[in-house]
Amino acid sequence: MARYLVTGGAGFIGSHLVEELLRRGESVRVLDDLSTGKVANLEAAAAAAGTAVPEFLQGDVADLAMARRAAEGIDYVLHQAAIPSVPRSVADPVRSNHANIDGTLAMLVAARDAGVKRLVFAGSSSVYGDALELPKREDMPCKPLSPYALQKHVGEQYLQMFTALYGLETVTIRYFNVFGPRQDPGSPYSGVISLFVKAANEGRAPTIYGDGGQTRDFTYVANTVDGVLRAATTPGIAGQVINVATNGRVSLNDLWAQVRGLLGVTTAPVYGEPRAGDIRDSQADIRKAAALLGYQPIVSFEEGLRRTVAWATGRI
Ligand code: UD2
């Protein structure tokens with residue numbers, strides 16, 4: 001049994017990592033400030049795994065004393081705590097910088113000093129920006145278009161620096177538009193799939209920012225969890241940056257058509273101005289994940305969407 005710290009473990013992706021770790025019989029500690037996470041997510045994760053709720057520390061990961069307390073006695077840190085969302089970072093860059101950069105630096109220092117075996121960081125496909133070539137490979141130059149993307153890019157670079165300077169093993173997994181159960185549609189900054197599913201379920205029109213022709217490599221959360229857990233324990237990959245995704249590309253117009261189809265509604269979307277900092281197309285090359293981690297997507301986009309709609313609506 002290994003000891004895992006999941007920062008942001010009460011959030012959407014974090015709680016899925018917690019659930020799978022509990023299912024595997026690992027020891028889990030969660031650090032979360034509950035700014036977007038919820039204790040109910042931890043309870044749901046534990047119930048799904050058939051175990052007790054894991055050890056929980058409530059606090060700010062950017063508070064070094066708290067990060068040190070959380071890292072004590074830990075083998076692997078899965079650093080998920082962040083303020084996600086491109087538009088939220090455009091609206092409030094100082095707050096997202098604190099969580100995404102100060103938080104990551106504090107966690108790195110705490111992990112280094114606690115002698116953890118490895119820290120795995122939740123990176124983001126947003127770092128690629130609008131480079132035209134698709135699919136995106138890890139060795140392509142990054143061109144962040146928003147504070148959020150820049151912060152995630154700085155986080156990756158901090159990890160690599162800590163590996164080079166202090167010998168702390170680190171791995172960045174670049175997430176691509178992760179979706180699934182427990183993703184909260186409660187804010188305009190929420191992930192688009194959660195918002196579209198809620199709108200369709202309530203018979204409302206969604207807003208599509210731009211012409212809806214932008215595309216994303218939507219990734220069902222079980223795939224992301226599998227990639228991250230492989231990255232924690234696969235030997236010989238310290239300092240690497242690795243895409244974990246589905247390798248598909250779905251436009252927002254097509255996404256709305258599929259959500260509508262699953263729920264049998266015919267509402268037309270409302271189109272709004274494109275969002276500042278938005279990138280046009282995103283699709284991952286996942287050959288590096290296959291080569292280094294033995295990763296392959298285990299749940300397709302269509303199956304993931306069906307499971308997500310079923311969870312959110314209870315209607316299919
Ligand atoms: C970025 C990252 C993603 C993750 C996420 C965290 C990219 C390609 N992806 O997701 O990996 O780090 O940030 O937040 O950068 N939209 C609408 N209507 C809505 C909401 C969104 O049309 O009501 C559009 C939005 O303009 C965008 C797309 O849907 O074109 C996806 O938006 P999102 O907020 O779900 O995720 P995104 O791509 O910013």
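How do the residues of the shell around the ligand divide into nonpolar, polar and charged? They divide into 12 nonpolar, 9 polar and 3 charged. Ala, Val, Leu, Ile, Met, Phe, Trp, Tyr, Cys and Pro count as nonpolar; Asp, Glu, Lys and Arg count as charged; the others, Gly among them, count as polar.

This is a predicted model, where local features need pLDDT of at least 70, side-chain atom pairs count only at pLDDT 80 or more, and totals for chains, interfaces and linings use all residues. Residues are numbered from 1 along each chain as its sequence is written, and side-chain values use heavy atoms, without hydrogens and water.

**View 1. The shell around the ligand.** There are 24 residues around the ligand. S124, Y148, T207, R216 and D278 come nearest.

View 2. A ligand nitrogen lies 2.9 Å from a side-chain N or O atom of N177. A ligand oxygen is 3.0 Å from a side-chain N or O atom of Q214. On its own, the ligand has 750 Å² of accessible area (Shrake-Rupley, 1.4 Å probe). The protein covers 92% of that area.

**View 3. The largest nonpolar core.** A core joins buried nonpolar residues (under 20% relative accessible area) through side-chain atoms within 4.5 Å. The largest has 61 residues. L78, I173 and L255 have the most contacts inside it. Beyond four places in sequence, the residues in contact with L78 (heavy atoms within 4.5 Å) include Y4, L17, V120 and V228.

**View 4. A second core.** This separate core has 23 residues, including V77, A106, A110 and L159.

Terms used: Near = heavy atom within 4 Å. Polar contact = N/O pair within 3.5 Å; in protein donor to acceptor, adjacent residues only side chain to side chain. Buried < 20%, exposed > 50% of the residue type's maximum accessible area, 1.4 Å probe, protein only.
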